[in-house]
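Dear colleague,

I am passing on the structure below, together with some notes on its salt bridges and on one of its strands. Please read the notes alongside the coordinates.

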Amino acid sequence: MDNIKSYVGQHKDRFINELVELLKIPSVSADSAYSQDVINTAEAVKESLEKAGCDKVELCETPGYPIVYGEKFIDPNLPTVLVYGHYDVQPPDPVELWTSPPFEPVIKETELHPEGAIFARGACDDKGQMYMHVKALEYMTQNGNLPCNVKFMIEGEEEVGSPSLSWFVERNQEKLKNDVILISDTGMISNTQPSITTGLRGLSYVEVEVTGPNRDLHSGLYGGAVANPINILAKMIAQLHDENNHITIPGFYDRVEELSREERDEMAKAPFSLEAYKRALDIDDVYGETTYTTNERNSIRPTLDVNGIWGGYTGEGAKTVIASKAYAKISMRLVPDQDWKEITELFTKHFESIAPKGVKVKVTPHHGGQAYVTPIDSIGYQAAAAAYEESFGVKPIPVRSGGSIPIVALFEKELKSKTIMMGFGLDSDAIHSPNEHFGVFNYLKGIETIPLFYKHFTEMNK
């Protein structure tokens, strides 16, 4: 694999152009208006895997959007790597905050990306990172140095909780049989200090509805005499944290894994500048659970956040009403040993209990998943660490991520495989936000590094 850098350099423009074309398709799985675009993206991914060298590629029907499955087998006695990724993307809203249209990719230089970054929805999460694996396969098949077998499972519902994935995995365990699962849907510390994500938080996502009177009321005639669902909802949300930003749901922390002082000290060795963090977000101070650092708050501690809140009149001008209903979407990020279904039940029971008389409360669970930790003494992790060190010239640091990929725990349960998360994005890449982007350096470096994982993983399994 000595010629991988020259191969990537030779095909750099084509690799970028292919990704740009993929990013132009608005594959927003959360909005049915884009359903045909999601399907068109699946077709495009299928075609790209065929061109990259897969012997077999198919669109597998599910109760939802299709899963793109591909495989390249060279020897049944060699290990098999299963690559997971997703081709759907988050909604682009609020569109007015984008500096360029979300589905018209452009390359711009930034302070962190002097070589340029591709700005588009899905650039980093996850089309760009998923497509690195397609191009890595192309390199290995074109140069005859694919050292083991490979399978691809690329889904189209990750951004809405992967509702069809468990259905598919349960029914295709033999098809998906593997020795390790490889995912690039996370990030690394910096372009000079790679890292490997060894832990993911779990997730419980719910929607709440508070109902007061049976219709919208005139705020002058009824104000002060009838419970206002928006006011009530705001008060109820405020009660979910105490003065130390500790979550007040009874039983919420009963199963929370408490890391030792030694483990916390080891985590603290990762390079981090609090001042640079605040400067990047344009805030004058951080905020969170007391007695924990910023990096601990967003990785090893559970959280509860309101993701959206609405009700009443929000149009131009004034409309003096007391709304009949108010709504909020709430996500809880969970840590190892917390069960997302149990947490959803605890939240529901508590939220209903703090509602005052005069309103009715409804809690609707949307989706969730378990937290996950991968051991750093596994062959998969060691192969990834060797690949990063060979590619970057620096040993990677193991880190825990604050994000969630709920299907990782599912993979271990159903497929009995460990997952290695080789992310190449940066925290500043604005995933899920306006102006999402992915560095050209990161994209090409991922294509260079992934084949090295295959090499080391195969050698370590001999």
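Two strands are said to pair if DSSP finds at least two bridges between them, and the strands themselves (E, at least two residues), like the helices (H or I, at least four residues), are DSSP runs numbered from the N terminus. This is a predicted model, in which local features need pLDDT of at least 70 and side-chain atom pairs count only at pLDDT 80 or more, whereas totals for chains, interfaces and linings use all residues. Residues are numbered from 1 along each chain as its sequence is written, and side-chain values use heavy atoms, with hydrogens and water left out.

I begin with strand β8, which spans residues 195-200 and is largely enclosed by the rest of the structure, because 6 of its 6 residues are buried (buried means under 20% relative accessible area, exposed over 50%, and partly exposed in between, with a 1.4 Å probe and protein chains only). Strand β8 runs parallel to strand β16 (residues 397-400), to which 4 bridges join it, and G199 has R400 of β16 as its bridge partner. With strand β15 (residues 372-373) the arrangement is antiparallel and rests on 2 bridges, L200 being partnered there by Y372.

An unreviewed UniProt entry carries the annotation "domain: Peptidase M20 dimerisation" for residues 199-358; UniProt positions are given in the numbering used here, feature names are shortened, and annotations may be inferred rather than shown by experiment. Over residues 199-358 the chain is 29% helix and 22% strand, with its end C-alpha atoms 43 Å apart.

Turning to charged side chains, a salt bridge is taken as a side-chain nitrogen of Lys or Arg within 4 Å of a carboxyl oxygen of Asp or Glu, and by this rule there are 24 salt bridges. In one of them, E21 meets K24 with an N to O distance of 2.9 Å; E21 is partly exposed at a relative accessible area of 45%, and K24 is likewise partly exposed at 40%. Another links E47 and K51, whose closest N and O atoms are 3.1 Å apart, and these two residues are separated by about one helical turn because they lie 4 residues apart in helix α2 (residues 35-52). Here E47 is partly exposed at 40%, while K51 is exposed at 61%.

A further salt bridge joins E58 to K56, with the closest N and O atoms 3.7 Å apart; E58 is partly exposed at 24%, as is K56 at 37%.

With best wishes
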